[in-house]
Amino acid sequence: MRFIYASFSTLMLFCLFFFSYIFEDSFSMQGIGIAALIVYSYLFVSSWHLARHINFYIIFLFSTLVFFWGQHIILLCNVDFTEPNRSILSGRVADWAMMFAGVFILQSMLTMHIGYCLFFKKYRNTKYIEIYDEKTSNTDVLLKIALGIMAISIIPAFSLALENLGTASIHGYGMIFQTENYQLTSFSNIKRFISLFFIPSTYLIYILASKKLRIVILLILMAYSLVLLTTGSRIIVFMIAFALFMIHYKKFQKLRARTIILLGTVAFFLMLSLSVVSSVRNVLYTSDNIGEIVVLATEKSFDNFIVFSVFEELGFTYNVIACVIENCPVPVPYNYGLSYLLGLTAIFPNVFGGTHIAAQNTDMLFAEFYTTQGGIGSSFIAEAYYNFGRWGLLVMLVFGMLLAKLCFWLEKSANEKLFRVFFLCVYSSSLILFYTRSDTATFPRNFVYYGLFPLFLEFLIRTSKKSVYTTICDVDYKLNDYEEK
């Protein structure tokens, strides 16, 4: 079935190339939005039919839908933008680039889906035993390491979050990234470096710990997320929520699709009720007529509904991709894959100070073309276009293949209790979700430092213990042999 879906995706891709060429001058934002809904309907249905359950790829598709097409959904719902200067109708990017961005995003998603379908493999529970079988491997040492890392990093993490809260409350969210916590490099920024160990360590504890300790970790993460939300940082909270969901869904309790739909429906009506209450409070004193108040509150709650607010903010990513397309290769030349290679160099610490050679990202290069304050972010699609232009579609093919492999190992590690592999898969998944709004160049560094490092520590400790045990046994054997003589 996967080959059928891959073939159909290829056919849709060629149709998209054809229609984009024939009707190049007839595109509109509403038309592109409708095309996106048609393509995404196919992506969701085919992905569900292949996996038969909610896997990471489906969640990733939903993430791209919100980040790339959030503002188009608002436009199709005929709702006014609260920040017109940051909307897809702002005119701050050339019309041709805005139209081409929509086509290129859909082409990228279909190409990624082709790679996913070709390499998709459904996990089947067998009795095959891995060479390093963690079902018989003790995880107590790893749990203690994770607790130790969290104890060291929790204070810097909360301290940094509270400092960001103070900066955001006085100068705004954008000024956070202009502070020394984000501008300093090398060992002079040791506080932020240590703080980044906090979230991955909580994931590892949550996977390995008992139920009581998991509740404690959950409360800590809720407190930390509350501080982040107050500063305006939603994407990290989204990543934390996703990671906890995946751990529960894959390791502790298998949630059915109907349960997910029910939870989503409850969350939707909860946000709607909060919006209505807020609107009633705002229009309560505008009229003595209860019926008029209800009508005004309903209209206002629909226009200011929190879902539309979130979609508008996240959907700004579309503008970022269009900005990159407009200004690349002129005046910014193609990077020809250099950003991916430099991402590997980020693994090595910048001991000489100054700016790391891997620090030049899409956000830093193209922000000046859109705004004079702060950055604009990026995405894995914008990064691919910056590197290879239209040939960046080949990167999407490889990306889809990697997502298929990741989904398989998430299933395998959870079902076969390969907790170390499961932790790496969950952490990698949370990072990949972030790349709908950022470059992928940070992945190697994050994976090695904050993913592999705890496992490497465990390996060293276990090796040293085994060495000490072998030495003691060897000495004891020699003493006994000496006494006998």
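In this predicted model, Arg 420, Glu 458 and Arg 462 are joined to one another in a network of salt bridges. Four salt bridges are found in the structure, alongside 37 aromatic pairs. The points below take up the charged pairs, then the aromatic pairs, then one serine and one crossing of helices.

**Salt bridges**

- Within the network of Arg 420, Glu 458 and Arg 462, the side chains of Glu 458 and Arg 420 meet in a salt bridge with an N to O distance of 2.6 Å. Because Glu 458 lies in helix H20 (residues 443–484) and Arg 420 in helix H19 (residues 419–434), this pair ties together parts that are 38 residues apart in sequence.
- Glu 458 is buried, with a relative accessible area of 3%, and Arg 420, at 4% relative accessibility, counts as buried as well.
- Lys 412 and Glu 416 also meet through their side chains in a salt bridge, at 3.2 Å from N to O. Lys 412 has a relative accessible area of 8% and is buried, while Glu 416 counts as buried at 4% relative accessibility.
- Lys 191 forms a salt bridge with Glu 163, in which the closest N and O atoms are 2.5 Å apart. Since Lys 191 belongs to helix H7 (residues 190–195) and Glu 163 to helix H5 (residues 140–171), the pair ties together parts that are 28 residues apart in sequence.
- Lys 191 is partly exposed, its relative accessible area being 27%, and Glu 163 is likewise partly exposed, with a value of 35%.

**Aromatic pairs**

- Among the 37 aromatic pairs is that of Trp 69 and Tyr 318, whose ring centres are 5.6 Å apart and whose planes stand at 55°, so the pair is tilted. It links distant parts of the chain, with Trp 69 in helix H3 (residues 56–76) and Tyr 318 in helix H14 (residues 317–326), 249 residues apart.
- Trp 69 is buried, with a relative accessible area of 1%, and Tyr 318 is buried, with a relative accessible area of 0%.
- Phe 193 and Tyr 449 form an edge-to-face aromatic pair, with 5.7 Å from centre to centre and 90° between the planes. This pair, too, links distant parts of the chain, since Phe 193 is in helix H7 and Tyr 449 in helix H20, 256 residues apart.
- Phe 193 counts as partly exposed at 26% relative accessibility, whereas Tyr 449, at 14%, counts as buried.
- A cluster linked by ring pairs takes in Phe 56, Phe 60, Phe 68, Phe 242, Phe 380 and Phe 399.

**Surroundings of Ser 429**

- Ser 429 lies in helix H19 and counts as buried, at 0% relative accessibility.
- When neighbours within four places in sequence are left aside, Ser 429 is in contact with Phe 56, Phe 242, Leu 406 and Leu 410; of these residues, Phe 56 and Phe 242 are also members of the ring cluster.

**Crossing of H15 and H17**

- The axes of helix H15 (residues 338–345) and helix H17 (residues 380–388) come within 8 Å and cross at roughly 115°, and the two helices are therefore roughly perpendicular to each other.
- On the H15 side the contact is made by Leu 338, Ser 339 and Tyr 340, and on the H17 side by Glu 383, Ala 384, Asn 387 and Phe 388. By class, the residues in this contact are four nonpolar, two polar and one charged.

Conventions
Residues are numbered from 1 along each chain as its sequence is written. This is a predicted model: local features need pLDDT of at least 70, side-chain atom pairs count only at pLDDT 80 or more; totals for chains, interfaces and linings use all residues. Side-chain values use heavy atoms; hydrogens and water are left out. Axes are lines fitted to C-alpha atoms, for helices over the stretch in contact, and angles run from 0 to 180 degrees between N-to-C directions. Helices (H or I, at least four residues) and strands (E, at least two) are DSSP runs, numbered from the N terminus. Angles under 35 degrees count as roughly parallel, over 145 as roughly antiparallel, 65 to 115 as roughly perpendicular and the rest as oblique. Contact means heavy atoms within 4.5 Å. Ala, Val, Leu, Ile, Met, Phe, Trp, Tyr, Cys and Pro count as nonpolar, Asp, Glu, Lys and Arg as charged, and the others, Gly among them, as polar. Buried means under 20% relative accessible area, exposed over 50%, partly exposed in between (1.4 Å probe, protein chains only). Rings of Phe, Tyr and Trp (its six-membered ring) pair if their centres lie within 6.5 Å; planes under 30 degrees apart count as stacked, over 60 as edge-to-face and the rest as tilted.
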